[in-house]
Every structure is written in C-alpha cells, then in structure tokens.
Protein chains: 2
Amino acid sequence: MPTPTALPLAAVRLMGGVLGERVERVGKVTLLRQWDALNDRIPGAEPSHAVRNFRIAAGDEEGEYDGLWFQDSDVAKWLEAACYRMSFAPDQRLVAAVDELVDLYERAQEDDGYLHTYHQLTPGAERWSNLRDLHELYCAGHFIEAAVAHFDVTGSIRLRTVAQKLADLLCRTFGNADGQIRAYPGHPELELALVKLARASGKKCYLDLADFFVRERGCEPHYFVEEAQGRGETKSPVWAYYDEQAYWQSHVPVVEQTEPRGHAVRAMYLYAAMADLARETGAVDMAESGVRLWNEMVAKHLYIIGGVGADGPGGENFSAPYDLPDDRSYAETCAAIGLMMWARRLLDLRLDARFTEVMERALYNNVLAGLSQDGCHYFYVNPLAVNPGETRRRYDCKMVKTQRVPWFGCACCPPNVARLLSSLGHYAVSRITGGLAVHLLTPLELDNDGWRLRIETNYPWTEAVEIEVKRAPEGCTTLAVRDLEATWFLNEEPLEETSISGYLKLTREWQVGDCLSANIPLPIERVRAHPRVTSASGRVALKRGPVIYAVEEADHGVGLTSLGVKRDAVLRADTDPRWGVTVLTGDAVRESSPATLYQSDQNPQFETTSLRAIPYAWWGNRGEGEMRIWIRDYES
Amino acid sequence: MPTPTALPLAAVRLMGGVLGERVERVGKVTLLRQWDALNDRIPGAEPSHAVRNFRIAAGDEEGEYDGLWFQDSDVAKWLEAACYRMSFAPDQRLVAAVDELVDLYERAQEDDGYLHTYHQLTPGAERWSNLRDLHELYCAGHFIEAAVAHFDVTGSIRLRTVAQKLADLLCRTFGNADGQIRAYPGHPELELALVKLARASGKKCYLDLADFFVRERGCEPHYFVEEAQGRGETKSPVWAYYDEQAYWQSHVPVVEQTEPRGHAVRAMYLYAAMADLARETGAVDMAESGVRLWNEMVAKHLYIIGGVGADGPGGENFSAPYDLPDDRSYAETCAAIGLMMWARRLLDLRLDARFTEVMERALYNNVLAGLSQDGCHYFYVNPLAVNPGETRRRYDCKMVKTQRVPWFGCACCPPNVARLLSSLGHYAVSRITGGLAVHLLTPLELDNDGWRLRIETNYPWTEAVEIEVKRAPEGCTTLAVRDLEATWFLNEEPLEETSISGYLKLTREWQVGDCLSANIPLPIERVRAHPRVTSASGRVALKRGPVIYAVEEADHGVGLTSLGVKRDAVLRADTDPRWGVTVLTGDAVRESSPATLYQSDQNPQFETTSLRAIPYAWWGNRGEGEMRIWIRDYES
C-alpha cells in the first residue's frame with residue numbers, strides 16, 4: 001500500500017490565526033462541552049442519550065435505547081476528534097473520557113464482533129435487515145475511523161482490536177461468495193474507514209471489502225430494491241421522494257455516475273472513498289469517475305460558500321443543475337466537511353489547486369459557519385440568506401435555524417466539525433513524492449520527516465506569507481506551495497519556477513534559514529453566478545481570498561434584498577475590532593421602499609448608504625436578524 | 001333585508017370575448033366532463049367517488065365512503081354551477097343530472113336534517129366531534145349555496161327544503177344558549193351560505209346564525225383549543241404548523257384582525273361573509289375590519305396575478321409580509337375565486353374601483369389560468385415561475401404541477417372555477433341604489449329592471465367600448481361604469497361628470513339609443529414590486545390592462561431567469577393567431593451563459609433576442625416547459 005500522505009498531527013502545530021484559534025477553541029471548549037452533551041449534561045439542549053446507549057449495551061446501566069438509530073456515530077466522531085486533540089495537546093479530562101469509551105466499546109461488543117447499540121438494544125431489531133436505512137454499517141465506519149485514530153495517537157491496539165473484530169465480522173458477512181450478503185451501506189462512510197483500517201493494520205482484506213462495497217453499489221439487481229421488496233415496502237421513504245435509488249447513490253454503478261445525485265453527505269463520503277480506492281488500488285476508472293463527478297459538481301451544484309445540498313424532504317439532496325436557492329440552501333455542515341475530505345483525497349491523486357481552492361472555500365465559509373464564536377453553538381443547515389420573519393412563517397424553511405443552537409436531536413454536525421478542526425493539520429500539509437506540499441497558508445510549525453518549517457502569515461486577512469526552513473532533509477527534496485497567483489521569493493530573490501496546476505514545486509537542497517515569501521493578492525472580488533442560478537440573478541457576492549462576505553441586519557437594518565453596490569463603488573478592506581477579521585466597507589445603494597406593493601412605469605428610486613460586509617462564517621453572532629450573501633448588482 | 005344586488009343570470013348574457021367564450025366552454029365541455037369525473041368515468045383521472053358516496057348514503061348502493069372528508073362539497077359546487085348554467089342555457093343532460101342529485105340529497109338526508117355523507121357512512125365518526133378539521137359545516141355551506149341557486153333558477157323548493165331542514169338543525173345545535181355548541185366552522189363557507197339562505201327564505205334566524213359563527217370566531221376560550229384538548233390532541237396538525245389558531249382565522253375575534261393570516265381560501269370565504277353581514281346587519285365594525293384586512297392584503301400579501309397564499313405545509317397559507325416567492329407560489333385557484341367573491345361583496349358596501357381592479361386582475365389571470373383552453377384540465381396551484389427540471393427535483397415544489405391535469409384527489413378547484421365562470425354575470429354588473437353598475441367591460445346583453453343594455457368591446461385586447469341603451473327605466477336613473485382612466489362620451493359628446501372612486505356615475509333620464517363610448521387606455525406597463533419581494537427584485541412584470549404577461553420556454557428556450565427587457569425597449573401589442581389574444585413583442589435581452597458557475601470581476605455579457613410574452617392565463621397550453629412572469633429589468 002502507498003505511504004499515507006497525512007503527517008502525524010503532533011508534527012503539524014497550528015499557531016494562531018483564524019484556523020489555529022478555532023482549533024484551540026475546539027480543544028479547550030467544544031470537545032468538553034460535547035462530552036457533556038453526549039452525556040446529557042447540558043440543560044436546555046436536545047438530549048443525546050448516545051453514551052448512555054453504550055452503558056446500557058455494556059451492562060453498566062438498565063434502560064432502553066434512545067435517540068436516532070445512528071446515535072452511536074456521534075460518540076465515534078467525538079472519540080476520533082478527542083484522539084486527534086490528545087495527540088498535540090494532552091488534556092486529562094479528554095484522556096479520561098477516551099479511556100472510558102474504549103472500555104465501553106470493548107464491553108459493548110458482542111462475541112462475534114457485532115457492535116451497534118441500536119440493534120443490540122432494540123427488541124425485534126434484526127442485524128443487517130435494513131442496510132439501506134438503519135445505518136449499522138455507517139456507525140461501524142465511524143467507529144473504525146475513531147479506533148484507527150486512537151491507535152495512531154496512543155499506539156494502543158485495544159480499540160483497533162475491537163474494530164478489527166467488527167471488520168472481520170463484516171468481511172465474513174458481506175461479499176460475493178456463497179452465503180455472503182451482496183450489499184453495501186445505505187449511508188457510505190464504512191468504505192473510507194476500511195481503507196484507513198487496512199493501512200493501520202496492513203490487512204488487505206479490509207481494502208478488498210471497501211472495494212467490494214463501492215463497486216457493488218448500483219449494480220443490478222439493486223440490493224436496496226430487493227431488500228425493500230423483502231420488507232414488503234410499497235414506496236420509497238419520504239427522504240428519497242424524488243431521487244429513489246439515486247438518493248443512496250445506488251442508481252447505477254459508481255464508475256458510471258456522471259452527476260452528483262442524492263443525499264449530499266452520503267455522496268461526499270462515497271466519492272472520498274472512491275478517491276482512496278483509486279490511490280490504493282490504482283483503479284483508473286475510479287479516479288476518472290471521481291474527477292468527472294467533481295467537475296460536474298463544481299460546474300453546476302456548488303454553493304459559493306463551498307457547500308452542497310440544495311433540496312429534498314430533509315433538504316439535504318443535490319437538486320437540478322444550477323438550482324441553488326439561498327433561503328433554502330441546506331449546505332449542511334457535514335456535507336462541507338465531506339467535501340473537504342473528498343478534495344483532500346483528490347489532492348493525493350493529483351496535486352491540483354482547483355481541489356485545494358474548493359477545500360479552502362468550504363473550510364473558511366461553510367465549515368467555520370457551522371460553529372459559533374463561543375465554540376458551543378452550531379448550525380446544521382447553512383442558509384445563504386435569512387429573513388427571520390419569513391423563515392419562521394415558511395414551512396419550506398423549517399429546517400433553517402436563524403440562530404446557532406447548543407445541540408441537535410440529530411447531532412451529526414457538531415462532533416464532525418470538532419473532528420475536522422482537530423485534524424486540520426491533515427489538510428494543511430501533506431506528503432508528496434519526494435517531499436511536502438503546503439495546501440493551507442496559515443501560521444503553523446511542522447516538524448517531521450527531517451523537515452522543520454515555520455509558516456508565518458495573517459492570511460486570509462493580510463497578504464504577507466513567509467515559510468522558513470528551520471531544518472531540511474538531506475539531499476534534493478521538493479517543497480510544493482500553492483502559488484495563489486502571487487510572485488514568490490526565495491531569500492528575497494524572485495523565483496523563476498513556473499507553477500503547475502496552481503502549485504509552485506521547488507526541488508532543491510534546502511538550507512536552514514531558507515525563506516520563501518510572497519504577498520498573496522487579496523483584491524476584493526465581485527462574484528457573479530451563472531444566470532441560471534435564480535437566487536443570484538442580477539446580484540453579486542463579495543469575496544476576498546477564500547472568504548465570502550455577507551451583509552447583516554445588525555449593520556443595515558431590515559430589507560436586505562434591495563441592498564447592493566454599484567459597479568464603480570470603491571470598497572475597502574478594514575479590520576473589525578470585535579473579531580479581528582477583515583470586513584469590507586464602502587458606499588452601498590438600496591432601492592427605496594415605495595408606498596405600494598406594485599408600481600407601474602416608475603423607475604426605482606435609490607438611497608445611498610454605507611456597506612459593511614462581514615465574513616460569512618461570522619454571521620449570526622450578533623443576535624437574530626436578516627443576512628444575505630447575494631446583494632444587488634447596480635450598474636451605476 | 002336589503003335588496004340583493006346580483007341580477008338573475010338569465011338577465012345578463014355574456015356574448016363572446018375572452019370571458020363569454022370561457023363561460024360557453026364551461027357550459028358545453030367542462031360541466032359535462034366534471035359530471036363524469038364526479039361519477040368516476042374519466043379514465044386516468046384521480047378518482048372522486050363523490051356521487052357514489054351520496055348513492056350509498058341514499059341506500060341506492062352498497063359500499064363504503066371513499067375520498068377526502070369534504071368530498072360532498074365537490075358535488076355541491078358542481079350542482080350550483082349546473083344550476084347557474086341552466087338558467088341561461090338549458091341542457092337536458094344537465095337538467096337530468098341536477099334532478100338526479102336533488103333526489104339523492106332528499107333521500108340521503110337524515111330525519112333530523114343532518115347531511116354529510118362522510119360522517120353518515122364512516123363507522124365511529126361522530127357528528128360535530130371535530131368541527132375544526134372535519135368540514136361538515138363547510139360541506140353544509142356549499143350544499144346550501146347550491147340549494148339556493150337551484151331555488152333561484154327553477155323556482156322549485158325541493159332542494160331549498162332540504163337545505164332549510166339542515167339549516168334548522170344547525171340553528172338548534174349552534175349558538176350561545178344552554179345546550180348549544182358555542183363553535184364555528186373549521187373552514188368558513190357556511191356563513192356566507194346562510195346569508196344567501198336567509199335572503200332566499202326570508203328567515204332571519206339563518207342570518208343570526210351566520211352572525212354568531214363570525215362573531216364567536218376567535219373569542220376566548222377558543223373553541224378549537226378546547227375541542228382539541230377534549231380529543232387529547234397534543235400538537236396542532238401539520239397544516240397549522242406555524243400559524244396554529246391563525247390558520248383557522250380563529251386567533252382573535254375577526255373584528256380585531258388586522259393582517260390576513262392562515263389558510264387563504266378559508267380567509268377569503270370568511271372575509272366575504274363579513275362583508276355580507278356588514279351589509280345585511282349594518283355592522284360598522286364588520287365593514288371596517290374587512291376594509292382593513294383588504295388594505296393589508298393588497299399592500300403586502302397579493303400576488304401580481306391577483307392570487308393569495310404563499311406558503312404552509314400544504315402551501316396555501318398567507319406568509320409574512322412581502323413574502324411572495326414565484327416558484328412556490330400557491331395562489332390556489334379557489335383562493336383567487338374567494339378573492340373575487342370578497343371583492344364583489346365589498347363593492348356592495350362601497351362602489352370603489354380598487355376592489356374591482358383586484359377582482360378583475362384575479363379573474364383574467366389567476367382564475368382563468370386554473371382552466372385549460374380545452375376546458376377540461378386544471379391547475380390547483382398557480383406558480384408564477386416554473387422550471388420543470390427544478391420543480392421535479394425540489395421537494396418544496398411538490399405541490400406545483402407543471403402541466404394542468406384532468407382531476408385531483410382533492411378536487412376543490414375544478415367545480416369552483418366552473419361555478420365562478422357560470423355565475424360571471426353576478427360579477428359583471430350589479431344593482432346599486434337607483435340604478436346599475438357595470439364592473440367588467442365585456443361583451444354582454446343585459447335585460448332586467450326595465451333596463452336593456454348592450455356592451456360591445458374587445459377589451460382587454462383592444463380599447464374601444466360601447467354601451468348602448470336599448471331600453472331604460474322610466475325617470476331618472478343611474479348608470480355607473482368603471483372609468484378605467486378613459487375619457488367617456490355620451491352619443492359622441494365628451495362627458496363632464498367626474499369619476500368617484502374610479503366609477504363614472506351618470507344619473508339622468510336615459511333614452512333608447514343612448515350610447516356611452518370610450519377608448520380604454522391599454523398601454524404596455526412595466527410593473528415593479530416592492531423591493532422586499534425577493535422573487536421580483538431587480539425584475540419587472542409586463543401588464544396590459546388587467547392582463548399579466550408571462551414568457552415561456554416555447555418561445556425563448558430554457559434559462560428564462562436571465563431574460564429581460566431594457567428600460568428603453570419598445571414593446572408592441574400584437575394579436576396571436578392561435579388564441580386571438582394579445583401578445584407582447586419587442587427586443588429582449590438575455591445574459592449570456594458563462595463557462596463557469598461563478599466568475600469574478602467580469603461584467604455580464606448580453607445577447608439581444610426577441611421577446612414574446614403571452615397572457616399568463618394562457619401559459620402551459622403548448623407542452624411542458626419553463627415559464628416566468630418576473631423578468632429582468634435591464635437598465636440600458
């Protein structure tokens with residue numbers, strides 16, 4: 001198997017800046033609060049019951065299963081996040097909680113390896129009886145990811161042993177051989193987890209099972225169709241109302257899929273696994289299909305904030321091309337995380353900044369928006385426009401929360417954002433053939449594989465970046481850096497190398513004290529969408545670097561639909577004293593409110609006002625109010 | 001009681017033109033097809049079972065109740081429409097069907113007067129046990145309206161006797177006295193029907209019951225709250241998800257209501273009854289409250305097509321002020337009909353063209369759109385924008401049909417549009433103190449109360465109107481005509497009278513041969529909406545006279561969101577050879593499609609193309625495709 005490209009998290013220390021500060025807050029606040037939430041110790045929050053389900057399964061408590069049927073995954077994602085955190089910032093409270101969970105997992109597991117507390121505790125629930133809906137394979141995936149993280153960080157094989165016992169059961173149960181079930185997970189996730197377990201254990205059988213799951217998906221006869229017929233089901237569940245098999249990405253074999261379809265989080269995890277398998281098995285069809293799906297997503301289905309998922313009964317499905325409404329955008333935090341996971345894996349296949357650009361866009365906008373400034377309130381759905389009066393009256397906006405909340409009954413997003421941010425080092429830099437690649441320009445110190453690097457910058461707020469080589473491996477090695485359209489200097493001499501696919505690849509004998517530097521251009525951009533995107537028609541979004549901006553009622557009063565900027569308006573980037581972020585200011589225009597609902601043959605009247613646009617991810621931290629990204633594009 | 005203002009339909013003959021032709025098609029095609037539908041004789045249409053329920057209740061057939069719990073109302077609305085039709089265009093098939101129904105109603109009624117086949121045939125269903133949801137009072141209202149129409153047209157008291165027996169039961173059952181139920185209908189309709197029955201029978205007790213129902217509504221303790229508690233209900237049904245008591249307009253007493261709320265059809269029927277009661281009882285509070293609600297609706301809640309209802313789990317509720325999305329507009333055909341009923345009654349309180357303007361707007365756009373050119377396909381929901389690819393993928397558009405259909409499981413609209421159009425004479429002209437008022441300028445012949453008038457016009461397509469007096473009552477009488485901002489002539493001499501509230505009121509001794517004439521200005525108007533209407537922001541709608549225009553894929557290809565007109569574009573009104581309607585043509589502009597979903601700092605590129613806008617009500621008669629009313633407003 002190829003060498004893992006991710007560096008140990010202890011080797012990549014984020015040192016402040018937007019990202020480093022968020023990572024710290026997650027470690028010091030979020031993870032501890034989430035442990036309380038998983039243990040039902042937050043007054044007023046929607047109850048979880050997730051840890052209690054494990055205690056009951058382990059025989060420590062009496063009681064009945066409660067919560068959604070995939071509640072186990074919340075615990076696993078939290079455990080994975082806590083392990084990452086422990087690897088670079090030990091905390092005795094986290095260590096104790098992790099140890100408690102390891103013990104619970106060991107004792108909750110059945111003798112043959114089975115582990116899913118919903119099925120274990122629910123009378124009449126039969127294993128593998130509804131693989132399409134009941135998420136036992138999804139939960140297995142998240143647990144395996146956590147176990148691999150635990151092994152990587154602690155070196156202990158206790159949890160990995162539990163995971164392999166479960167994975168061995170899955171290997172016996174699923175496959176093409178006689179007596180095996182020719183199925184695949186209703187919610188992809190296990191596939192990429194099995195790849196991780198194969199890498200951690202060196203056992204190829206797990207990789208083979210992942211490959212089976214991915215390749216069997218969508219083949220005829222459709223397993224989910226037969227399974228549903230076996231249950232006597234006469235119509236698809238409401239969440240698959242429109243897409244039916246495509247909801248589960250199981251309408252055709254994945255290597256034949258050309259358009260992202262169905263539930264967005266499922267799609268992201270599946271496509272991420274396809275990229276893993278392409279790298280691990282060298283399968284060209286898997287790599288090509290992934291890039292095709294990526295291109296189609298970027299061309300027709302991607303929200304400007306780096307989000308996906310525009311509709312569906314729950315709201316979380318891909319919709320038709322260009323159908324990207326802003327007031328009913330789902331843009332689930334988990335889907336943006338999944339998008340980052342996919343993009344990061346595509347970078348392993350091909351170092352190309354078009355993947356990095358989307359990964360960074362998703363991070364700075366959709367993902368960071370999912371977590372409040374205080375580190376303990378969350379968005380699940382991330383709307384691009386909110387008008388609380390309308391949102392509260394509209395049934396089709398009922399999934400939109402106008403303020404972040406402390407927890408959810410369906411709490412997939414909070415621990416997911418914690419694990420993403422706690423493992424951000426995996427996204428910032430990676431191993432490439434013969435060296436290292438830097439993907440995210442953020443303050444950090446790297447110390448691994450003979451390298452010691454220090455990145456100093458206040459990007460994305462200011463332009464200057466310095467990458468100092470404090471130690472380098474012997475001989476000729478490569479350092480690849482996203483060029484971001486800047487002129488780069490080595491020890492103050494401009495570099496002559498040409499970027500390839502947005503990365504400057506510098507191969508040389510690096511010396512201690514070498515310093516790469518650049519001023520990343522951060523102009524204020526006015527972004528237009530394709531005119532078929534109705535919500536953006538006649539409008540622009542403001543962007544600076546990877547950061548998308550939004551206007552809020554707190555700065556502009558109500559009625560934001562009429563607020564806009566003229567094409568010749570001069571906009572400035574200023575530092576906001578409250579959060580230290582860069583806000584955009586300048587002259588804005590808004591259409592005056594006429595006396596009647598409709599007016600004939602009157603040109604609109606305008607007023608001049610002041611614009612103050614804040615980074616989208618910071619919206620909703622000043623009380624409830626209107627917010628929107630797409631503002632009017634006034635010609636003159 | 002005041003004299004009824006509606007003339008007998010036999011006295012007002014619509015003679016061709018847009019309206020007359022629709023009325024004829026309803027009489028010759030629609031009513032007969034609907035009779036087939038109600039008898040489940042249309043292959044491929046959703047079944048009705050409505051007539052069969054009556055046959056079972058009358059003991060003519062064995063079987064069980066089927067259809068929605070308000071299926072009786074479909075039969076009653078059809079019967080009312082058929083009676084209207086018979087009064088001016090006898091048809092033996094209609095007469096036979098009407099006689100069959102009269103017979104069924106007589107035999108289906110219980111001895112004490114009760115009549116609601118759902119409750120009569122459903123085991124365990126208890127009378128008056130769920131007045132909020134189960135529509136027995138709503139169905140009683142529609143039946144009473146039909147019975148009054150039957151009496152007015154035939155002079156037979158057979159059906160009116162059935163209706164009075166039912167109404168007498170209601171008078172005994174509901175009210176403030178000991179042993180009476182202090183309730184009101186969950187779906188208003190009975191209130192205005194009881195006013196009609198009081199007029200037809202001369203019995204004031206029916207008027208009193210209507211007044212009780214309307215005034216009791218919203219008083220504390222709330223009947224529906226207590227009734228729900230009695231049922232052990234712990235949460236409101238999904239259709240009242242947001243508005244709770246306001247869904248039923250029962251949140252506060254009606255005379256204290258200031259904003260239209262809740263289910264739009266319910267609201268329209270209730271407000272119509274309030275206007276009736278204001279006229280019949282002289283209640284000033286009822287009149288004032290109605291005008292206040294009207295003004296608020298027109299200022300913040302009215303679709304440009306004369307429609308109401310923007311959201312809700314079923315989609316049919318009033319939403320927040322200015323929340324008028326175009327792709328998810330409900331604008332139910334029934335709600336526009338209810339709006340016409342309300343407007344027509346407000347004209348009885350005060351002759352003011354602002355009511356007429358909305359009534360006419362609803363008629364020519366929302367109501368006519370509800371019925372296909374062939375007279376046998378229907379829209380229930382009337383979207384202002386359709387993109388079939390998106391509509392089919394979007395769960396929140398699932399109530400939107402992109403093509404008219406032959407029938408609905410919930411078929412309130414088809415017989416409602418048939419009864420509205422069959423009684424259009426009631427809306428075209430009315431009695432006023434000392435004379436007559438002409439509200440709709442459409443070809444017709446009137447012969448009543450000593451008057452014989454003939455209106456000749458091709459309005460709303462062309463400007464010329466002539467109203468010829470063929471006979472006039474003795475002495476000084478008044479003829480009031482909507483002025484429509486035209487200069488009016490009497491026998492080719494310009495009139496000097498000043499219009500009052502949009503009506504020219506001419507009081508004189510009319511002579512045979514007198515001819516009123518005018519050229520109604522019909523400029524092509526570009527209408528803008530208040531900038532808080534997001535779907536219309538930066539857009540205009542085209543309008544000519546009362547007619548709102550739409551663009552269709554059939555003329556412009558896909559991607560209509562980018563199509564628009566420049567402010568200085570010259571638009572022309574041309575006659576369409578296919579339908580004989582006026583279409584608008586001229587130069588249009590559309591934004592070019594860029595290669596990527598998002599572009600930074602590029603001004604949009606434009607292409608010139610030809611505009612062809614058709615009257616909105618004619619959309620969807622050329623196969624499935626995109627349609628929209630609000631098109632881009634390009635400055636230059």
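Okay, let's start at one side chain: leaving aside residues up to four places away in sequence, A:Trp579 touches A:Gln373, A:Ile614, A:Trp618, A:Asn621 and A:Arg622. Keep in mind that this is a predicted model.

So where does A:Trp579 sit? You'll find A:Trp579 in the loop between β17 (571-575) and β18 (582-591) of chain A. Is A:Trp579 buried or exposed? Its relative accessibility is 18%, and the cut-off for buried is under 20%, so A:Trp579 counts as buried. Now look at A:Gln373 again, one of the residues A:Trp579 touches. A:Gln373 and A:Trp579 are 206 residues apart along the chain, yet their C-alpha atoms are separated by 8.9 Å.

Let's zoom out to the domains. Chain A is divided into domain 1 (16-423), domain 2 (434-459 + 463-495 + 502-519) and domain 3 (524-634). Domains 1 and 3 of chain A have their C-alpha centres 34 Å apart, and across that pair 29 residues of domain 1 are in contact with 25 residues of domain 3.

Now chain A as a whole. We have 18 helices and 22 strands here. The radius of gyration of chain A is 25 Å, close to the 26 Å that the globule rule gives for 636 residues, so chain A is as compact as a globular protein of that length. The C-alpha trace spans about 75 × 65 × 50 Å along its principal axes. Of those 636 residues, 64% count as buried. And if you take contacts in chain A between residues at least 6 apart in sequence, 70% of them join residues at least 24 apart.

Which peptide bonds are cis? Two to look at: A:Glu220 to A:Pro221, with omega near -5°, and A:Tyr459 to A:Pro460, with omega near 15°. A:Pro221 is in the loop between α9 (204-216) and α10 (223-231), while A:Pro460 is in the loop between β6 (451-457) and β7 (464-471).

A:His49 has phi near 70°, in the loop between α1 (17-38) and α2 (50-57) of chain A, and A:His49 counts as buried at 10% relative accessibility. Over in chain B, B:Glu485 has phi near 60°, but B:Glu485 is exposed, with a relative accessible area of 72%.

Notes
Residues numbered from 1 in each chain as written. Chains lettered and ligands numbered in written order. Predicted model: local features only at pLDDT ≥ 70, side-chain atom pairs only at ≥ 80, totals over all residues. Heavy atoms only, no water. Helix = DSSP H or I, 4+ residues; strand = E, 2+ residues; numbered from the N terminus. Rg over C-alpha atoms; globule rule 2.2 N^0.38 Å. Buried < 20%, exposed > 50% of the residue type's maximum accessible area, 1.4 Å probe, protein only. Contact = heavy atoms within 4.5 Å. Domains from an automatic or database assignment.
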